[in-house]
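Subject: Structure for your review

Dear colleague,

Please find below the structure that I am handing over to you. My notes on what was found in it follow.

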Amino acid sequence: MDFIKNKKWTSEMLHKIAVNDFEDVYRFHCSYPNYKETILRESDNIFIKDESERLKCNSFKILGASYSLFKYFQRISSNVKDYISLKRYLKNSEIEIITASDGNYGVAVAKLCKDLEIQCSVIFPKDTPSFYCNSAKRNNSKVILYDGNYDECVLAAKKFQNCDKYIVLLDVAVDKNDRRMSHDVSMGYSTMFYELRNEHFDYIFLPVGVGGLALSCIMFCKIFWHKTKVISVEPCGYNSLYLSIQANREMQAQGGETIANGLKCIKLSLIALPMLLTGIYGCCTVKDSEIALAYKRLESNKIHTGFTGCSSYAAALQELHGSLLKNKRVLTVNTEWSQY
């Protein structure tokens, strides 16, 4: 594992975010049927926020997708005030949601649309593991296998943005047209941290794909956990944030093969990058062998996860015996249920 400290790191607030913003997100999710807080577990003196059973979706991604869609329609109608009124507003609607994903986000959007009884199509790279495709299909979504990588699937989805029937619900901002919705996705993820608002952590290790989860955590820390340091975790070949921190500018990863399928993103979201360049305390790049070791360790402790889901734990586990984490309270996130 490689680790670098960010020389540009600052704990100062760079965006106008208030306590009420996070409370609003939390209230919306509390209106979701069968909402309950996920469990904080512990393994090897490392705390793990276990998102594997979040809203019966098996990943945290539904938090971002649901809140972003809610905000979209709330801006259209004053009658949309919570999940129930959102579903009522969409009743008998002919709207179709389009998204692109390499895994859990696509499944989350499909699950959300099934719950809201609206149509959905998910564009996956053609080499996406069948688990994700089948999960989306079970949630009544149309699955489109695209001959390209995740970033190319995003561009394919964006072609529907000017069509009245479709709403393109992405978790990444490619241009200014995506900024608001992508920001709302990141804000939606904050509920998992808000549930821990009365806890204290010295370090948080977070997986980074397009950077939405890390952005959410950094914004939250500016308000609630001022002294907490956030460390990003990326697989080898998909370490665009690591490279960007090194160069102090946007860098694109080379790509390649990794077992952490949900982190196969070669560049960061447009809205995430600026804040990550100053808000991330440090960056880790983990090898597949280290991820596989962490996976076995968690499974032996009866914590069910996937290779993407245990990547942040893998990095913390490698650092556990070093000076960085000595006598520190460390949080990681199990982002998904096991698919294996």
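With which side chain does the side chain of Ser52 make a polar contact? In this predicted model, the partner is the side chain of Asp50, at 2.7 Å. Ser52 belongs to the loop that lies between strand 3 (46-50) and helix 2 (61-74). With a relative accessible area of 2%, Ser52 is buried. Leaving aside residues up to four places away in sequence, Ser52 touches Asn58, Ser59, His304, Asn334, Glu336 and Trp337.

An open sheet is formed by 7 strands in the order 1-10-9-8-11-3-2, with mixed pairing. Strand 1 (2-5) and strand 2 (39-43) each have a single partner strand and stand at the edges, so one side of each has no neighbour in the sheet. From one strand to the next, the twist averages 25 degrees. Strand 8 (residues 203-207) and strand 11 (residues 330-334) run parallel and are joined by 2 bridges; Tyr203 stands opposite Val330 in strand 11. Helix 9 (residues 212-223) packs on the sheet, where it touches strand 8 and strand 9 (229-235). The direction of helix 9 makes about 155 degrees with that of strand 8.

Finally, the cysteines. With a cut-off of 2.5 Å between cysteine sulfur atoms, the count is 0 disulfides. For Cys113, the nearest cysteine sulfur is that of Cys120, 4.0 Å away. Cys113 counts as buried, at 1% relative accessibility. For Cys221, the nearest cysteine sulfur is that of Cys217, 4.0 Å away. Cys221 is buried as well, with a relative accessible area of 4%.

Yours sincerely

Key
Residues numbered from 1 in each chain as written. Predicted model: local features only at pLDDT ≥ 70, side-chain atom pairs only at ≥ 80, totals over all residues. Heavy atoms only, no water. Buried < 20%, exposed > 50% of the residue type's maximum accessible area, 1.4 Å probe, protein only. Helix = DSSP H or I, 4+ residues; strand = E, 2+ residues; numbered from the N terminus. Polar contact = N/O pair within 3.5 Å; in protein donor to acceptor, adjacent residues only side chain to side chain. Contact = heavy atoms within 4.5 Å. Pairing = 2+ DSSP bridges. Axes fitted to C-alpha atoms, helices over the stretch in contact; angles between N-to-C directions.
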